[in-house]
Amino acid sequence: MLQDSTRRWFFPYLIRKFNLKVGVEVGVLYGDFSFCLCGELDKLYLVDSWTRKHKDNSPEQQKERVRRKLLGHSNYEIMHSTSKDAASKFDDGFFDFVYIDAAHDFDSALEDIALWFPKLKNNGILAGHDYNLEAVKRAVDSYSFSNLSVLRGDKSESWWVIKNSPLTLDRS
Ligand SMILES: C[S@@+](CC[C@H](N)C(=O)[O-])C[C@H]1O[C@@H](n2cnc3c(N)ncnc32)[C@H](O)[C@@H]1O
């Protein structure tokens, strides 16, 4: 079984079920997961700073791999940018779907949620990867989400919520 196989069918299913049209993946790397999302959405924005070499691939090579992976799709836009700069380019309520998988330290994960949550429409879906990482889990759990779900089954677990109330930090 693929390490990643559960999220690869689950999020496309969720996108169809909720009729989500416009999405963003924050943290793209080679576009492996983008490929699964791109086939379901009308438009997918791909945000990555590609600042580091990964397995000897330069940032430019990583970006080229994304283009090759998405060959045949024309419904995506690559944004070579930090998460913060990219978020500032969109109006609030722009997206139906946001998937966060960029930096996995506590402060970055907390900030990414705060940056991208307002960019979602009401009843849009905010999701992310690596809930099994302690720092990511702590960041997600810092917010008072009333309907947090965790997708079990993969080695790296995803989390998701439906936006139905303002974002608040849990002070309990
Ligand atoms: C785990 S990889 C993404 C994997 C991809 N989502 C997938 O499922 O195949 C994390 C990516 O986030 C990017 N990244 C890390 N911090 C970032 C930031 N602050 N802004 C934009 N991209 C960032 C890295 O360059 C890296 O390519």
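A residue is called buried if 20 or more other C-beta atoms lie within 10 Å of its own, exposed if 12 or fewer do, and partly exposed in between, with C-beta atoms placed from the backbone. The model is predicted, so local features are reported at pLDDT of at least 70 and side-chain atom pairs at pLDDT 80 or more, while totals for chains, interfaces and linings use all residues. Residues are numbered from 1 along each chain as its sequence is written.

**Exercise 1. Classify Asn 123, Asp 130, Asp 96 and Lys 89 as buried or exposed, and state where each of these residues is placed.**

Step 1. Asn 123 has 11 other C-beta atoms within 10 Å and is therefore exposed; its place is in strand β5, where helices (H or I, at least four residues) and strands (E, at least two) are DSSP runs numbered from the N terminus.

Step 2. Asp 130 has 21 other C-beta atoms within 10 Å, so it is buried, and it is found in the loop between β5 and α6 (134–141).

Step 3. Asp 96, which lies in strand β4, counts as buried because it has 22 C-beta neighbours inside 10 Å.

Step 4. Lys 89 belongs to the loop between α4 (83–87) and β4, and with 12 C-beta neighbours inside 10 Å it counts as exposed. The C-alpha atom of Lys 89 is separated by 9.9 Å from that of Lys 119, which is 30 residues apart from it along the chain.

**Exercise 2. What is the phi of Asn 123, and what is that of Asp 130?**

Step 1. As background, most residues other than glycine have a negative phi.

Step 2. Phi of Asn 123 is near 70°, a positive value in a residue other than glycine.

Step 3. For Asp 130, phi is likewise near 70° and positive, again in a residue other than glycine.

**Exercise 3. In what order do the strands of the sheet follow one another, and which strands stand at the edges?**

Step 1. The sheet is open and has 7 strands in the order β3-β2-β1-β4-β5-β7-β6, with mixed pairing; two strands pair if DSSP finds at least two bridges between them.

Step 2. The edges are taken by β3 (76–80) and β6 (149–151), each of which has a single partner strand, so one side of each is left without a neighbour in the sheet. From one strand to the next, the twist averages 20°.

Step 3. Strands β6 and β7 (residues 158–162) run antiparallel and are joined by 3 bridges, with Leu 151 opposite Ser 158 in β7.

Step 4. Helix α5 (residues 106–116) packs on the sheet, where it touches β1 (22–26), β4 (95–100) and β5 (120–128), and its direction makes about 175° with that of β4. Axes here are lines fitted to C-alpha atoms, for helices over the stretch in contact, and angles run from 0 to 180 degrees between N-to-C directions.

**Exercise 4. Trace the pairings from β2 through β1 and β4 to β5.**

Step 1. Strands β1 and β2 run parallel and are joined by 5 bridges, and Val 26 stands opposite Val 47 in β2.

Step 2. The pairing of β1 with β4 is also parallel and extends over 4 bridges; here the bridge partner of Val 26 in β4 is Ile 100.

Step 3. Between β4 and β5, which run parallel, there are 5 bridges, and Ile 100 stands opposite Gly 128 in β5.

Step 4. Which residues touch the most other members of the largest nonpolar core, and what does Phe 97 touch?

Step 1. A nonpolar core is a set of buried Ala, Val, Leu, Ile, Met, Phe, Trp, Tyr and Cys residues joined through C-beta atoms within 7 Å.

Step 2. The largest such core has 41 residues, of which Phe 97, Val 98, Trp 116 and Leu 126 touch the most other members, and its largest share, 5 residues, comes from β4.

Step 3. Not counting residues up to four places away in sequence, Phe 97 touches Ile 15, Leu 20, Gly 23, Leu 41, Gly 124 and Ile 125, where contact requires C-beta atoms, placed from the backbone, within 7 Å.

**Exercise 5. Which residues closest to the ligand can be named, and how does its shell divide?**

Step 1. The ligand is surrounded by 17 residues, the closest being Gly 27, Phe 33, Ser 83, Asp 101 and Ala 103; a residue is near a molecule if its C-beta atom, placed from the backbone, lies within 6 Å of it.

Step 2. The shell divides into 7 nonpolar, 5 polar and 5 charged residues, where Ala, Val, Leu, Ile, Met, Phe, Trp, Tyr, Cys and Pro count as nonpolar, Asp, Glu, Lys and Arg as charged, and the others, Gly among them, as polar.

Step 3. At least two residues of this shell are supplied by each of α2 (32–38) and β2 (43–48).

How values were computed: Contact = placed C-beta atoms within 7 Å.
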